Amino acid sequence: MAKSERDHLRAEFVSRAGWGDAGERLLAGDASFRKYFRLSRPRGSAVVMDAPPPQEDVRPFVQIARHLIGLGLSAPEILAEDVEHGFLLLEDFGDDTYARVLKAGGDEGELYSRATDVLVALYRAGERSLVPGLGAYAGEALIEAALLLPEWYLLEATGRPTPPEETARYVAAWRECLAALPAMTETLLLRDYHKDNLLWLPARPGVKACGLLDFQDAQRGHPSYDLVSLIEDARRDVAPAVHAACLDRYIGEAGIADAASFRTGFALMAAQRHARIIGVFVRLLRRDGKPDYLQYLPRVWRMFERSLEHEALTPLRRWVDRTLPPELRRIGAPS
């Protein structure tokens, strides 16, 4: 197969970085335009992130990676960079994602405890956890992201566009719910904090045993958000005992004085995340031709319904019960 211009640019970058003698193997792509390649040679390995501009910008990844390392966490070291052309040479964390280790029978409690400790470390870092200029994932930004539920799922479930007045009622319900959100110190949110973006590095001590990836969309917001991402995973059932232990561990180790307020925030962030993901999975089907995600919808609905049981979510629960009764929640369920 003839090499593309992108292939030539990557080869030049690799050569300039001193890895021109290494073998190259495609590791993975993701939902974006990024691709990853492993470089291997007898004395070690590294990973190339290929993130073509203008669709991608590697600068946020570089900024957040160095920030996390400075906080004592395990983000990949940036070995070389070409920001203009969208290439990074990264420390290779290996193949032991949480997903793979768990599938192979790894200790779920240990893995999730260590990942929870990373979030505790970010909370305890206080203002030091934040990067100047980060956007806030709060208020109207949360509501805007959750609009994917009426815009995509409700449309799919009913077969007709969602009336504007119904969307307006949904937004009003969210505003009422978020008005009841107890104030808490904002912390750094890595945003996609789940089993596929975490690496198990057991040779490293403490929080460093949990390697971090895919944090370029980091923002600031409620400290429970990434914990929701971790223990209420759309693609994996976390054991109830592990779920409860991680929530208790975070509250205890972070020194949260008002546990009830934190749990209220957790329920609100869970409802927001699950509402968004329910819409995202239908959008992936209809807009992008990717039906595989529908299999996860029953799980996400169960978690969404559980979060709606909290009294702070009463306005949203009423909207969901009226607009999406149980018979309309079965997309993706076995027939």
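These legends describe close-up views of a predicted model.

**View 1. Packing of helix α11 against helix α12.** Two packed helices are described by the angle between their axes and the distance between the axes. Here α11 spans residues 297-308 and α12 spans residues 314-323. The angle is about 135°, and the axes lie 9 Å apart. The angle therefore makes α11 oblique to α12.

**View 2. Residues at the contact of α11 with α12.** From α11, the residues are Trp301, Phe304 and Leu308. They meet Leu316, Arg317 and Val320 of α12. By class, five residues of this contact are nonpolar, one is charged and none is polar.

**View 3. The hairpin of strands β4 and β5.** Strand β4 covers residues 78-82, and strand β5 covers residues 87-91. The two strands pair in the antiparallel sense, with four bridges. Glu81 has Leu88 in β5 as its bridge partner. Four residues lie between the strands of the hairpin, and Gly86 has a positive phi near 80°.

**View 4. The open sheet of β6, β10 and β7.** This sheet has three strands, in the order β6-β10-β7, and its pairing is mixed. The edge strands are β6, at 136-137, and β7, at 187-189. Each edge strand pairs on one side only.

**View 5. Pairing of β6 with β10.** Strand β10, residues 219-221, pairs with β6 in the parallel sense. Two bridges join these strands. For Ala136, the bridge partner in β10 is Arg220.

Methods
Residues numbered from 1 in each chain as written. Predicted model: local features only at pLDDT ≥ 70, side-chain atom pairs only at ≥ 80, totals over all residues. Heavy atoms only, no water. Axes fitted to C-alpha atoms, helices over the stretch in contact; angles between N-to-C directions. Parallel < 35°, antiparallel > 145°, perpendicular 65-115°, else oblique. Contact = heavy atoms within 4.5 Å. Nonpolar A, V, L, I, M, F, W, Y, C, P; charged D, E, K, R; others polar. Pairing = 2+ DSSP bridges.
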